[in-house]
Amino acid sequence: MNAQVRSRAVLGLQWIVGLVLIVESLRFAFEPSAARHFARTGMPLWMRPALAWTEITAAILFLVPFTMRLGGYLLLVIFFLAGLLHILHGEFDVGLLLVYAMAVLVSMAYRNGAKSETAHDGQRATERI
């Protein structure tokens, strides 16, 4: 796979993850079924929109090139805390959170690596291919 295809694939992964997270967070914030499920956890009801809007904000930051790293790290913290909360409440199905976390890590690693790879003449390695 050449560098241009790889770059587009990782950019596509980044956008798909970001958009899916925004949609899922909006559903978590506004769907009545999510409210009913969250009420059974015993956590304060104000936490549901706070969690959803925090994740939406992090996902938007993840999609903006200038703030992608900050958004990515925030998403990783959110996924860790969400997984921890799920496990503490007896919900052990956290596989999707792990997939999201790895997609964020791959996107961040590729974007950071593509920017830092340089040739001896100062030209980016991805531009030489």
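I started with the length of α1: at 1.5 Å a residue its 28 residues should span 40 Å, and the end C-alpha atoms sit 41 Å apart, which agrees. The expected span here is 1.5 Å times one less than the number of residues. Helices are DSSP runs of H or I with at least four residues, numbered from the N terminus.

Ground rules before going on. This is a predicted model, where local features need pLDDT of at least 70 and side-chain atom pairs count only at pLDDT 80 or more, while totals for chains, interfaces and linings use all residues. Residues are numbered from 1 along each chain as its sequence is written, and side-chain values use heavy atoms, with hydrogens and water left out.

**Start of α1.** I looked at N2 and found one of its side-chain oxygens within 3.1 Å of the backbone nitrogen of Q4, at the start of the helix.

**Burial along α1.** Which residues of α1 are buried? I got A3, V10, Q14, V17, G18, L21, I22, S25 and A29. My cut-offs: buried is under 20% relative accessible area, exposed is over 50%, and partly exposed is in between, with a 1.4 Å probe and protein chains only. G12 also lies in α1, but it counts as partly exposed at 30%.

**Salt bridges.** I searched the whole structure and got two, taking a salt bridge as a side-chain nitrogen of Lys or Arg within 4 Å of a carboxyl oxygen of Asp or Glu. R27 pairs with E24, closest N and O atoms 3.2 Å apart, and with E31, where that distance is 3.0 Å. So E24, R27 and E31 are linked in a network of salt bridges. E24 and R27 are both in α1, three residues apart, about one turn of the helix. I looked up accessibility as well: E24 is partly exposed at 35%, R27 at 39% and E31 at 28%.

**Aromatic pairs.** The structure holds three. I noted F28 and F38, an edge-to-face pair with 5.8 Å centre to centre and 80 degrees between the planes. It links distant parts of the chain, with F28 in α1 (residues 3–30) and F38 in α2 (residues 32–39), 10 residues apart. The rule for Phe, Tyr and Trp (its six-membered ring) is centres within 6.5 Å; planes under 30 degrees apart are stacked, over 60 edge-to-face, the rest tilted. Buried or exposed, how does F38 count? F38 is buried at 4%, whereas F28 is partly exposed at 26%.

**Nonpolar core.** The largest one has 18 residues, and V17, L21, F62, L75, F79, V104 and M108 have the most contacts inside it. I define a core as buried Ala, Val, Leu, Ile, Met, Phe, Trp, Tyr and Cys residues joined through side-chain atoms within 4.5 Å. At least two residues each come from α1, α3 (47–63), α4 (68–88) and α5 (95–116). Which helix gives the most? It is α5, with six residues.

I then listed what F62 touches, leaving out residues up to four places away in sequence: Q14, G18, T67, M68, G71, G72, L75, V104, S107 and M108. Contact means heavy atoms within 4.5 Å.

Terms used:
A polar contact is a pair of N or O atoms within 3.5 Å; within protein, one must be able to donate a hydrogen and the other to accept it, and residues adjacent in sequence count only if both atoms are side-chain atoms.
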